[in-house]
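Please look through the sequence and the model shown here before reading on.

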Amino acid sequence: MSVRRASDRLSTAVTGIVRRDEPLARRTTYRIGGPAALYIECDTLSSIGKALDILSEEGIEWTVLGRGSNVLASDEGYDGAVIVLGREFKRHRVEGDRIRTGSGVVLAAIVRDAYSRGLGGLEFAAGIPGTVGGALAMNAGSRDAWIGSLVDTVTLWVPGVGLRSFHHREIEWGYRSTDLVSRGVVVESELRLHEADRETVRRVTDACLTARRATQPVGTANAGSVFKNPQGDSAGRLIEACGFKGRYRGGAQVSEIHANFIINTGDARAADVLGLISEIREAVSQTYGIELEAEIRFLGRRTEA
Ligand code: EPU
C-alpha cells in the first residue's frame, strides 16, 4: 500500500479534489477526528469509478462520507480514503410528486423544496442534518417516519460492476440501517412524495422543527442520537435515569437537553466521547440489563470502548 503513489495517480485521474492527511475534524459535525490518509472529492461519476479502481489496486480501504453528521472519527485518524461526492451529485430535480436527487444534496434542500411546493412526506426530515446519500445509507428518520419509506429507486455505483438501480423492495430497510453501503456508493435516488395541501405541509414541517429544537441540542457540535432506541423504550430516558445528564468527560458532555446526545463543548477528543459511551453502556446494562447499541458510526482506529 502506497498512499503517496495512490495520491499521485488519483490527482491525475479524478475530477475534483485529492488531498493527503485531511483532518476529519473539518469533515464531521462533531468537529472531532485526526487525519484521513486520503480525501477524495469526486465531481463526476467516472471519477468515482477511477478512484475506486486505483484504491483497490493500491490496497487502500475507503469509505464514503456525506456531511459527517452521524460519525465519530478517531483521534488517530483513518488509514484509508474518505470519498465525498462533489459537483455532479449536488443537484436535484422535482418532477410532479417525485424528487430525483444526487447523494451530495443536503437533506434540508429537498425538505425546503417540498415545503414550498406543497409536497407531503418529508416533513419529518425537517432539521435532520446531513446529505440525502447519508440519510439513505442509514435510513435516517424520526421516531415513526424514515426516509426509506419514500424511496422508489436508489442508484449505486457498484465497485467492479458500475451503475445499478435498485427498487425499494430490493433494498433491506431497517431501523436506522440498510444494506446499501455494503453494496456500493449511493449516487442518486428517486423519492416519491405526494401532492398535499400546502398549508398542512408547512404546519407539520414547522411543528417537526419546533419539536426538534425544544428537545434536542440543536446548534451544538454533535452527531445526533448516540444510541439506537431499544425495542419499546428510549435510550434518552434510560441514560437520564442512570444520572448521566450533564456528565462531562474531557471536552465531551452528555447533553442537558437530551441524554442520548453527547456534545463536543469545544475541545472534546474522540476518546472523551468513547469514554462516556462506555460508562453509559455499563450503567444501563447493570441497572436495566439492556445492552445499548450505537447509532453513530465510528471511523478509523478505535482506542477505547
Ligand atoms: N427522554 C428522557 N430523557 C431524555 C430524552 C428523552 O426521559 O434526556 C424521554 C422523552 O421524554 C420521551 C422519550 O424519552 O418520553 C423519547 O424521546 P424523544 O421524543 O426525544 O425521542 P427519541 O426516541 O429520543 C427519536 C430518534 C431521533 C428523532 C426523534 C424525534 C432514535 C434513536 N432517536 O428520539 O432521531 O429525532 O425520535 O422523532 O431513534 C437520530 O437518529 O439521530 C435522532 C435524533
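A residue is called buried when its relative accessible area is under 20%, exposed when it is over 50%, and partly exposed in between, with a 1.4 Å probe and only the protein chains considered. By that rule Arg4 is exposed, because its relative accessible area is 57%. What is shown is a predicted model, in which local features need pLDDT of at least 70 and side-chain atom pairs count only at pLDDT 80 or more, while totals for chains, interfaces and linings use all residues. Residues are numbered from 1 along each chain as its sequence is written, and side-chain values use heavy atoms, with hydrogens and water left out.

Arg4 belongs to helix H1, where helices (H or I, at least four residues) and strands (E, at least two) are DSSP runs numbered from the N terminus. Between the C-alpha atoms of Arg4 and Gly134, which are 130 residues apart in sequence, the distance in space is 29 Å. Helix H1 spans residues 3-13 and also holds Ser7, but Ser7 counts as buried because its relative accessibility is 9%. If contact is taken to mean heavy atoms within 4.5 Å, then Ser7 touches Val18, Arg20 and Leu38, once residues up to four places away in sequence are not counted.

Strand S1 (residues 16-23) contains Asp21, whose phi is near 50°, a positive value in a residue other than glycine. Another positive phi in a residue other than glycine is found at Arg31, where the angle is near 55°. Arg31 sits in the loop between S1 and strand S2 (35-42), and it is exposed because its relative accessible area is 57%.

Gly141 is buried because its relative accessible area is 10%, and, leaving out residues up to four places away in sequence, it touches Phe124, Ile128, Trp146 and Arg176.

The loop between strand S16 (252-254) and strand S17 (262-264) holds Ala259, which counts as buried because its relative accessibility is 2%. Apart from neighbours within four places in sequence, Ala259 is in contact with Gly236, Ile239, Glu240, Lys245 and Val254. From the C-alpha atom of Ala259 to that of Ser225, 34 residues apart along the chain, the separation is 8.9 Å.

At the level of domains, whose bounds come from an automatic or database domain assignment, the protein is divided into domain 1 (3-88), domain 2 (90-214) and domain 3 (219-299). The centres of domain 1 and domain 3, taken over C-alpha atoms, are separated by 28 Å, and 17 residues of domain 1 are in contact with 20 residues of domain 3.

Which residues come nearest to the ligand? Of the 21 residues around the ligand, these are Arg143, Tyr175, Asn229, Glu240 and His258, where a residue is near a molecule or strand if one of its heavy atoms lies within 4 Å of it. The shell around the ligand draws at least three residues from each of domain 2 (90-214) and domain 3 (219-299), and helix H7 (residues 235-241) gives the most to this shell, with 3 residues. An oxygen atom of the ligand is 2.7 Å from an N or O atom in the side chain of Asn229, and an oxygen atom of the ligand is 3.1 Å from an N or O atom in the side chain of Arg212. For His258, a polar side-chain atom lies 2.7 Å from an oxygen atom of the ligand. The protein covers 73% of the 820 Å² of accessible area that the ligand has on its own, with areas from the Shrake-Rupley method and a 1.4 Å probe, and for residues only the protein chains shown counting as cover.

Note on methods. Polar contact = N/O pair within 3.5 Å; in protein donor to acceptor, adjacent residues only side chain to side chain.
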